[in-house]
Amino acid sequence: RSQRARDKELAMTRDIMPLENQIQMFQQLDVVAKELLKSGLMPKAVDTPEKVKVLVITGRELGFPMMEAIQRIAVIDGKPALSPQGMLSLINRSEVLEKFTVNSQPKFCDVYMHRKNGVEFTAHFGEDEARALNLLWKDNYKRQAPNMYKWRAIAACARVVCPDVIGGMYLIEEVQSHADEEETIAIVEKTAAITDNKQDYFEW
């Protein structure tokens, strides 16, 4: 197949349905969502029919089958995010890359992507970047740092070379890290504030 044909096929999987059709599909998903929840096989965080429907619809826009969407996508603080395997799956299925290399080392990872339309980029992520983002204390980085560096580098490269393929989404770990950082900042700011007002200390 030509690159034009593949790009057209990719676009067709993400066509925007008319609003009426979207509403109809959303309503039809009610029955499916409730049955899936009854199965007991849904991820723990997916505990309402509404959450199931959001994941399925988000997955459809990305090109995922229903069950894979539920397994590959998570919503953290209202933001959808992809598992590393989900992001790589979308990239591989799209066939938009001409070259894709991963140079994974114990303390860093370099990822190079060259798209068939000419766009190319190299992303680097390693111990220095993880330290700057205050990630090295996390269990995943203590136990499997090379893997974490690899997925971070792949995600960063993909958002530059093929944002249309991954929907511009971030990894679950990236979104979670940002959420943790915001929570930490909020606690620090509150602690600093109550230091000047002992009465607030007992109300917090």
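1. Helices (H or I, at least four residues) and strands (E, at least two) are DSSP runs, numbered from the N terminus. Just after helix H3, Gly-63 has a positive phi of about 105°.

2. This is a predicted model, where local features need pLDDT of at least 70, side-chain atom pairs count only at pLDDT 80 or more, and totals for chains, interfaces and linings use all residues. Residues are numbered from 1 along each chain as its sequence is written, and side-chain values use heavy atoms, with hydrogens and water left out.

3. H3 covers residues 49–62. Its 14 residues reach 20 Å from first C-alpha to last, close to the 20 Å expected at 1.5 Å a residue; the expected span is 1.5 Å times one less than the number of residues. Buried residues of H3 include Val-52, Lys-53, Val-56 and Ile-57. Buried means under 20% relative accessible area, exposed over 50%, partly exposed in between (1.4 Å probe, protein chains only).

4. Two loop residues other than glycine deserve a look. Asp-77 has a positive phi, near 55°. Asp-77 sits in the loop between strand S1 (73–76) and strand S2 (79–82). Its relative accessibility is 60%, so Asp-77 counts as exposed.

5. Asn-134 also has a positive phi, near 55°. Asn-134 lies in the loop between helix H6 (127–132) and H7. At 54% relative accessibility, Asn-134 counts as exposed.

6. Pro-84, Gln-85, Met-87, Leu-88 and Ile-91 of H5 meet Trp-151, Ala-155 and Ala-158 of H7. Contact means heavy atoms within 4.5 Å.
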